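Welcome! Here is a short briefing to read alongside the sequence and the 3D view.

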Amino acid sequence: MPDASSTVLVIDDDAELRASVGRLLRSVGLTVQLFGSIAEFLRSDPPDGPTCLVLDVRLPGQSGLDLQRELAEANRELPIIFVTGHGDIPMSVQAMKRGAIEFLTKPYRDQDLLEAIQLGLFRDRARRENEKELVDLRERFGSLSPREREIMIQVARGRLSKQIAHDIGIAEATVKVHRSRGMQKMKAGSLPELGRMADKLKLVPDKPQTS
């Protein structure tokens, strides 16, 4: 199972089932936060590490599907595993189309729940790592001089040093110096790696598709 920094949030109004899920998840080393309602969940602070949500569909007042929609509208990415004793196919299709990890019908096997949680935490960890990497790249790019940024973008577009020198009106040797400094600051070990960084930063617009 995932590392101890992972947290599973459980929202279910059935106190006995909620406690049972809590015991199961703690037995495999996971941190668990249990909530009896969506309102209680919304009053809590989000965990810092990888997180996923085990969410009952039918709850007093607001439904689990309503919460899924609200989280999406708020751009709060949180892997969701739905559990329900009253599921139907249209409901499960709706949940999965909106990105749910799994839709389990009670009574479900413990292993099915654990596998779904493992997938949800894996996806959330990957998302967090990608976001951190993007923040680091933006900071590195921000450390470049205006000329280094300009040349990096041109290099990412596939322009040669002599072409860049001609376009900007400086010596080719000067272009190479700026390119080298820019690569050092970006921590790029090669031009292809620099190109991948530029893609992640969306410095080069996508090429229009030709029919």
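**A first look**

Over residues 137-202 the chain is 76% helix and 0% strand, with end C-alpha atoms 11 Å apart. UniProt, in an unreviewed entry, places the feature "domain: HTH luxR-type" at residues 137-202. This is a predicted model, where local features need pLDDT of at least 70 and side-chain atom pairs count only at pLDDT 80 or more, while totals for chains, interfaces and linings use all residues. Residues are numbered from 1 along each chain as its sequence is written, and side-chain values use heavy atoms, leaving out hydrogens and water.

**Terms for the elements and annotations**

- Helices (H or I, at least four residues) and strands (E, at least two) are DSSP runs, numbered from the N terminus.
- UniProt positions follow the numbering used here, feature names are shortened, and annotations may be inferred rather than shown by experiment.

**Asp56**

- The UniProt annotation "modified residue: 4-aspartylphosphate", from an unreviewed entry, covers Asp56.
- Asp56 is in strand 3 (residues 51-56).
- Asp56 counts as buried because its relative accessibility is 5%; buried means under 20% relative accessible area, exposed over 50%, and partly exposed in between (1.4 Å probe, protein chains only).
- Leaving aside residues up to four places away in sequence, Asp56 touches Ile11, Asp12, Asp13, Gly64, Val83, Thr84 and Lys106 (contact means heavy atoms within 4.5 Å).

**Strands 3 and 4**

- Strand 3 and strand 4 run parallel and are joined by four bridges; two strands pair if DSSP finds at least two bridges between them.
- Val54 has Ile81 in strand 4 as its bridge partner.
- Strand 4 (residues 80-84) is mostly covered, with five of its five residues buried.
- In a regular strand the side chains alternate between the two faces of the sheet.
- From strand 4, Ile80, Phe82 and Thr84 point one way and Ile81 and Val83 the other way, and all are buried.

- Strand 1 (residues 7-11) is largely enclosed by the rest of the structure, because five of its five residues are buried.
- On one side of strand 1 are Thr7, Leu9 and Ile11, and on the other are Val8 and Val10, all of them buried.
- Strand 1 pairs with strand 2 (residues 31-35) in the parallel sense over five bridges.
- Opposite Thr7 stands Thr31 in strand 2.
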